Amino acid sequence: MSLRLVALDEGSDIPIDRDLIMVGRHSTCDARLESLRVSRNHCCVVNRRGSLEVRDLGSTNGIRINGRRVDVGTLRPGDELTVAHIRFRLEDCGTTNDNTVMATISTAPSDDLRRPGTGDPDPSGSELKDRAKRGNQPLVRADAPEDDSPLAAAVRGVLPAELAGYKIQVIVQAPENPGALPKDHDSKIQAEEDKGPL
Amino acid sequence: MSVRLVPLNPEQAYTITVARPIVLIGRHPDCDVRIDLPQVSRRHCCLALAHDQAIIRDLGSRHGVWLNGRQIQEAYLNVGDEIAIGHLLYRVEQVAN
């Protein structure tokens, strides 16, 4: 079980990779939140086998669980934790490999992705979100298998046509050695992951 | 493992039982265990039960948390360990479930 507090606003996620995690603005905290509305020692989080126990440490702006202000509370996957004004959602990232992060893109690849060489082949996440707002219909190749996930469909769009029948599995993996990132294209995704707080 | 901290000098302090996942210890009235002594910071340290291990963590206290004579920021507790919170000494004991 690999739990993660996913940032819903600005800032980094908080991976639950220790038994006790101090959250606050102070340099000794395990998860530092650089906002003046966050107290130096704001709250602490204890990993309790599938759930988290959270306790406010006398912070000025408090903590909320699913919008309700609490001093002590339990977080289960799907619950929302607010530290001062910064919101996180607890997610269970699976059981297989702690370094592997499954990413699901809720929208489809762009037209540009489907036709290599006809535009920007690497649209940013915000562009994808904009497209999702305009219309959420899946833009997969006509010859793609029906069980393609949106992420796999996006990859299929940039592959040569000869590989149309191949099964695609997308793995987004955080680097085991963050100091030595390869300089190839794939490392861009890894570098994004590497911006975590720890 | 559920633990309690038994004071070496029972006249000075009460036994601290870790009865919930996080126990906040300090001089402030909001703490779960209140120790109203000047050497104890308002929020001095916290004890946590994670999995089957008890952890103690200093919360930036002035007089610190000491484990077996060494100042620590965070440590896992074992039965028989000696903990100092401010000037108060405790021994870690196991609580039968």
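Begin by selecting strand S6 (residues 53-58) of chain B, where five of the six residues are buried; a residue is called buried if 20 or more other C-beta atoms lie within 10 Å of its own, exposed if 12 or fewer, and partly exposed in between, with C-beta atoms placed from the backbone. Strands (E, at least two residues) and helices (H or I, at least four) are DSSP runs numbered from the N terminus.

The model is predicted: local features need pLDDT of at least 70, side-chain atom pairs count only at pLDDT 80 or more, and totals for chains, interfaces and linings use all residues. Residues are numbered from 1 along each chain as its sequence is written, while chains are lettered from A and ligands numbered from 1 in the order in which they are written.

**Around S6(B)**

S5(B) and S6(B) pair in the antiparallel sense over six bridges; strands count as paired if DSSP finds at least two bridges between them. Within this pairing, Asp58(B) of S6(B) is the bridge partner of Cys45(B). The two strands form a hairpin with two residues between them, and His51(B) in the turn has a positive phi of about 50°.

Next, select strand S9 (residues 74-77) of chain B, which is joined to S6(B) by four bridges and runs antiparallel to it. Here Leu77(B) in S9(B) stands opposite Ala54(B).

Now display chain B as a whole. It has 11 strands and zero helices. Of its 97 residues, 34% count as buried.

**The nonpolar core**

Which residues touch the most other members of the largest nonpolar core? They are Ile21(A), Val23(A), Cys44(A), Ile25(B), Cys46(B) and Ala48(B), in a core of 53 residues. Such a core is a set of buried Ala, Val, Leu, Ile, Met, Phe, Trp, Tyr and Cys residues joined through C-beta atoms within 7 Å. Strand S5 (residues 45-50) of chain B gives the most to this core, with six residues.

Centre the view on Cys44(A). Leaving aside residues up to four places away in sequence, Cys44(A) touches Leu20(A), Ile21(A), Met22(A), Val23(A), Arg55(A), Leu57(A), Ile22(B) and Cys46(B); a contact requires C-beta atoms, placed from the backbone, within 7 Å.

**The contact between the chains**

Select the residues of each chain that touch the other: 16 residues come from chain A and 17 residues from chain B. On the side of chain A, strand S3 (20-24), strand S5 (43-47) and strand S6 (52-56) each supply at least two residues. The largest share, three residues, comes from S5(A).

**Elsewhere in chain A**

Move to helix H3 (residues 150-158) of chain A, in which Ala153(A), Ala154(A), Arg156(A) and Gly157(A) are buried. These residues lie on the same side of H3(A) because they cover an arc of only 160° around the axis, the arc being that of the directions from the helix axis to the C-beta atoms.

Then select Ser2(A), in the segment before strand S1 (3-7) of chain A. Ser2(A) is partly exposed, with 17 other C-beta atoms within 10 Å. Its C-alpha atom is separated by 7.8 Å from that of Asp17(A), 15 residues apart along the chain.

**Confidence**

The mean for chain A is 73, and 59% of its residues reach 70 or more. Over residues 96-123 of chain A the pLDDT is below 50, and it stays under 50 over residues 185-198 of chain A. Where pLDDT is low, the predicted coordinates should not be read in detail.

Notes: pLDDT is the predictor's confidence in each residue, from 0 to 100. Two residues are in contact if their C-beta atoms, placed from the backbone, lie within 7 Å.
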